Amino acid sequence: MLTSCQSLIEQSYEPTIAPSSNPQIVDEVQKNDPRAQMGAREHPRIVASYGGEYKDAKTERLVARIAGALTQVSENPNQSYRITILNSPAINAFALPGGYLYVTRGLLALADDASEVAAVLSHEMAHVTANHGIERQKKEEAEVIASRVVAEVLSSNIAGKQALARGKLRLAAFSRNQELQADVIGVRMLGEAGYDPYAAARFLDSMAAYARFTAVDPDADQSLDFLSSHPNAPQRVELARMHARAFGAEGQVGDRGRDYYLAGIDGLLYGDAPEEGYVRGQTFLHGKLGIRFDVPAGFQIDNKADAVLATGPGDVAIRFDGVADSRGQNLVNYISSGWVTGLRPDTIRSVSLNGLEAATARAAADRWEFDVTVVRIDKKIYRFLTAVPTGSPALDPTANILRNSFRKLTPAEVESLKPLRVRVVTARPGDTVATLAGRMLGTDRKLDLFRLINAMTVTSTVRPGEKYKIIAE
């Protein structure tokens, strides 16, 4: 074999190095692969459902490095993969037929090292190599899928796209047996690629902990998350550990790749994308729209794709959104145009808020009272709806804080807005979990989130010289 390799090298040697005139590219490999055609058909739908692709050369190289190591030990090393990082804070990863792999930036932020991401990718690669997508595909008519793709991708209705994703991404949901089979193959790939084979069980535990963290908020939408489409029974975690033991004892085998992983995600966008605005404590700011407002102390802001929601003590709720207004209609007429249920026409007032044209009104329906405030900026009408239980004294104070704080941002304020990112810091002597967590932004549960993203328990301590993730600007 060595002789034949040597003769091959001699025959192919060229004194001048240049790009191949016939490069082997993914498009060429997949050209006549019907499975890849299935994946290609669904790809635009997946990307649209998850906020587009996340483009960052450093992070893309990191994920490619992990996937490359796994491909070499795959049951089908000739299988080519297209890996897309999705611009979503959700914690998810999935595969489509033909080698289309997806991982969200939210999952990358939660993972503690390269072996944990490798565990997720090897699991999804296992679905591809085991042809699970093909088995499931036989149950559906291709033409039906194609028509759904066209209808959903061309729709500009964001809520519709979310509803589609809440359908558990039909082409990315496998049976329990297929999931367990992918676990077995994935753990074997992990170990053979030189990664810590126990990372699969470890990250399943981390994702379960994150699910509990978000479940504290009953309105948190986990329908786009990994655990909503991947069963996470305790026996599945134990099975992953059992298969990992074939490679050796836990903590004594395989590489975690933590240092190069943290270097690869340092600066990763975290939480809401800039085009969706920012939540900073009790304030919502949107640089592109150039607006900001405050909610009262004790309120929790939830920045959804189609509206900003806030909830507070005493069942008080706030909804904020915006609609196009190319006609420049009178705001008093707009409030009374039929979109407010239970409107009291005698309460409609035209007002000025921080120099902006506005109008307010009151409404009542069932056991609720509402304050309605609309404000015009250029060709857009912004709408506040404050709801309180009938008779609650909180309606006026809450609505007044919203109204009085709503204003246009100055150019300097817009310039100073920065998104939240994963920042990697090195612990110094004297640092504790509390001091590092205290540097976190974007959450009022700093200790809990710090421990989560660093895979720490309540008894874990900070060690000087070690690297840790925080969320900051």
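How many bridges join β2 to strand β3, and do the two run parallel or antiparallel? Keep that in mind as you go through these notes on the model, which is a predicted one.

1. **The β2–β3 pair.** Here's the answer: four bridges join β2 to β3 (residues 100–104), and the two strands run antiparallel. As background, strands of a sheet pair through backbone hydrogen bonds, in either a parallel or an antiparallel way.

2. **The whole sheet.** β2 and β3 belong to an open sheet of three strands, ordered β1-β3-β2, with mixed pairing. β1 (82–86) and β2 (93–96) are the edge strands: each has a single partner strand, so one side of each has no neighbour in the sheet. On average, neighbouring strands here are turned by 20 degrees against each other, if you ignore direction.

3. **A helix on the sheet.** Next, look for α6, which packs on this sheet and touches β2 and β3. The direction of α6 makes about 20 degrees with that of β2. Remember α6, as the next point comes back to it.

4. **Holes inside.** By type, the lining has ten nonpolar residues, two polar and two charged.

5. Most residues other than glycine have a negative phi. Asp366 is not a glycine, yet its phi is positive, at about 50 degrees. You'll find Asp366 in the loop between β11 (356–365) and β12 (368–377). Is Asp366 buried or exposed? Its relative accessible area is 80%, and the cut-off for exposed is over 50%, so Asp366 counts as exposed.

6. **Ala455, another one to check.** Ala455 also isn't a glycine, and its phi is positive too, near 50 degrees. Ala455 sits in the loop between α19 (446–453) and β16 (467–472). With a relative accessibility of 41%, Ala455 counts as partly exposed.

Notes:
Residues numbered from 1 in each chain as written. Predicted model: local features only at pLDDT ≥ 70, side-chain atom pairs only at ≥ 80, totals over all residues. Heavy atoms only, no water. Nonpolar A, V, L, I, M, F, W, Y, C, P; charged D, E, K, R; others polar. Pairing = 2+ DSSP bridges. Axes fitted to C-alpha atoms, helices over the stretch in contact; angles between N-to-C directions. Contact = heavy atoms within 4.5 Å. Buried < 20%, exposed > 50% of the residue type's maximum accessible area, 1.4 Å probe, protein only.
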